[in-house]
Amino acid sequence: MKILITGATGQLGHDCVEECRARGHEVHGVSSELFPLSDENVMRAVLEAVEPDAILHAAAYTAVDQAEDEPSLCRKINAAGTEILARLARERDVKLLYISTDYVFPGTGDTPHETNALTSPHNVYGASKLAGEEAVQQDLDKYFIVRTSWVFGLHGKNFVKSMLQLAKTNKILSIVNDQIGSPTYTRDLAPLLADILESEKYGIYHATNEGFCSWAQFAREIFRQAGINVNVTNVPSHMYPTKATRPKNSRLSKKSLDDAGFHRLPPWEDAVGRFLKELKETAE
């Protein structure tokens, strides 16, 4: 299969390129410089040159707080850009996998969100990603929407790297404990995305590593497995204000994966250990 992967230099896109190539697919990974989501002419030209059988759309504006100051730019990339890509995919009869987010939900309650749960994002980023979802659903029949959360991997900024960096100069850290979700390791997510893309089981999926935790619990597990002595104290969200409102409930139900016969990802604690090992090996 010939696959075009957008956002190929990002932490998820990079691992998706590696995974799909390892499976023997012809992969064309493009960055925002080569494939600007704001330029339909360039996007069309790339698709005409590559002639893909499938598109894995991992590119996005992901600066959640900055999006509150740049709403037009965020929507231009995540909503309008995805709409253009979906329309081009329809013209060429190409299936498309769109990476979305837990931020499309209001983040209320304490039960995992099903794929058909009420969407009501509370920040610009979430609203832009939901608009992208709606464009994909409106323009295509052959689509996959995969919502994920709290992503970490080798090729990008993420919470794990931030905690390890902060631990170099801090022995006490105050971390939010009333936002609950699931960390997701790109090395685990990429193979699942490849499985989904290779199928024709179209629809909406939720994909994260198994288990739930708060950001504070996530931090404690990082330090425990890294053998670092840092005292993590719990603080509520209102004590750590951010420009963009974060959902308190980011739990995602994986029933959609079960129903389609796809495998669930390993527990998030296991993923943290493997990522720390990958970081160590890369640094050596």
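# Close-up views

**View 1. Helices H6 and H10 cross in a right-handed way.** A crossing gets called right-handed if the near helix is turned clockwise from the far one by less than a right angle, and left-handed if it is turned anticlockwise. This is a predicted model, in which local features need pLDDT of at least 70 and side-chain atom pairs count only at pLDDT 80 or more, while totals for chains, interfaces and linings use all residues. Residues are numbered from 1 along each chain as its sequence is written, and side-chain values use heavy atoms, with hydrogens and water left out. Helices (H or I, at least four residues) and strands (E, at least two) are DSSP runs, numbered from the N terminus. The H6 and H10 axes come within 11 Å of each other and cross at roughly 65 degrees. Those axes are lines fitted to C-alpha atoms, for helices over the stretch in contact, and the angles run from 0 to 180 degrees between N-to-C directions. From H6, Val 160, Lys 161 and Leu 164 meet Phe 275, Leu 276 and Leu 279 of H10; contact here means heavy atoms within 4.5 Å.

**View 2. H6 also packs on H8.** Two packed helices are described by the angle between their axes and the distance between the axes. For H6 (residues 159–166) and H8 (residues 215–226), that's an angle of about 65 degrees, with the axes 10 Å apart. H6 passes H8 in a right-handed crossing. On the H6 side you'll find Phe 159, Val 160, Met 163 and Leu 164, and they meet Trp 215, Phe 218, Ala 219, Ile 222, Phe 223 and Ala 226 in H8.

**View 3. Six strands make an open sheet with parallel pairing.** Reading across, the order is S2-S1-S3-S4-S5-S10, where two strands pair if DSSP finds at least two bridges between them. S2 (26–30) and S10 (203–206) stand at the edges with a single partner strand each, so one side of each has no neighbour in the sheet. From one strand to the next, the twist averages 20 degrees. Zoom in on S4 (residues 95–101) and S5 (residues 143–148): they run parallel and are joined by six bridges. Leu 97 sits opposite Phe 144 in S5.

**View 4. Helices H1 and H7 lie across strands of the sheet.** H1 (residues 11–22) goes across S1 (2–6), S2, S3 (54–57) and S4, at about 170 degrees to S1. H7 (residues 186–198) goes across S1, S3, S4, S5 and S10, running at about 145 degrees to S4.

**View 5. A salt bridge links Glu 91 and Arg 44.** Side chains of opposite charge can pair when their charged atoms come close. The rule used here asks for a side-chain nitrogen of Lys or Arg within 4 Å of a carboxyl oxygen of Asp or Glu, and the count comes to 22 salt bridges. For Glu 91 and Arg 44, the N to O distance is 2.8 Å. Glu 91 is in H4 (residues 71–92) and Arg 44 in H2 (residues 40–50), so the pair ties together parts 47 residues apart in sequence. Glu 91 is partly exposed at 45% relative accessible area, and Arg 44 is partly exposed at 27%. Buried means under 20% relative accessible area, exposed over 50%, and partly exposed in between (1.4 Å probe, protein chains only). Elsewhere in H2 is Asn 41, which is exposed at 63%.

**View 6. Lys 248 pairs with Asp 178.** Their closest N and O atoms are 3.4 Å apart. Lys 248 is partly exposed at 45% relative accessibility, and Asp 178 is partly exposed at 22%.

**View 7. Glu 278 and Arg 187 form a salt bridge.** The closest N and O atoms are 2.8 Å apart. Glu 278 belongs to H10 (residues 268–283) and Arg 187 to H7, so the pair ties together parts 91 residues apart in sequence. Glu 278 is buried at 11% relative accessibility, whereas Arg 187 is partly exposed at 33%. Switching to a group of salt bridges that share partners, Glu 40, Arg 44, Glu 83, Arg 87 and Glu 91 join into one network.
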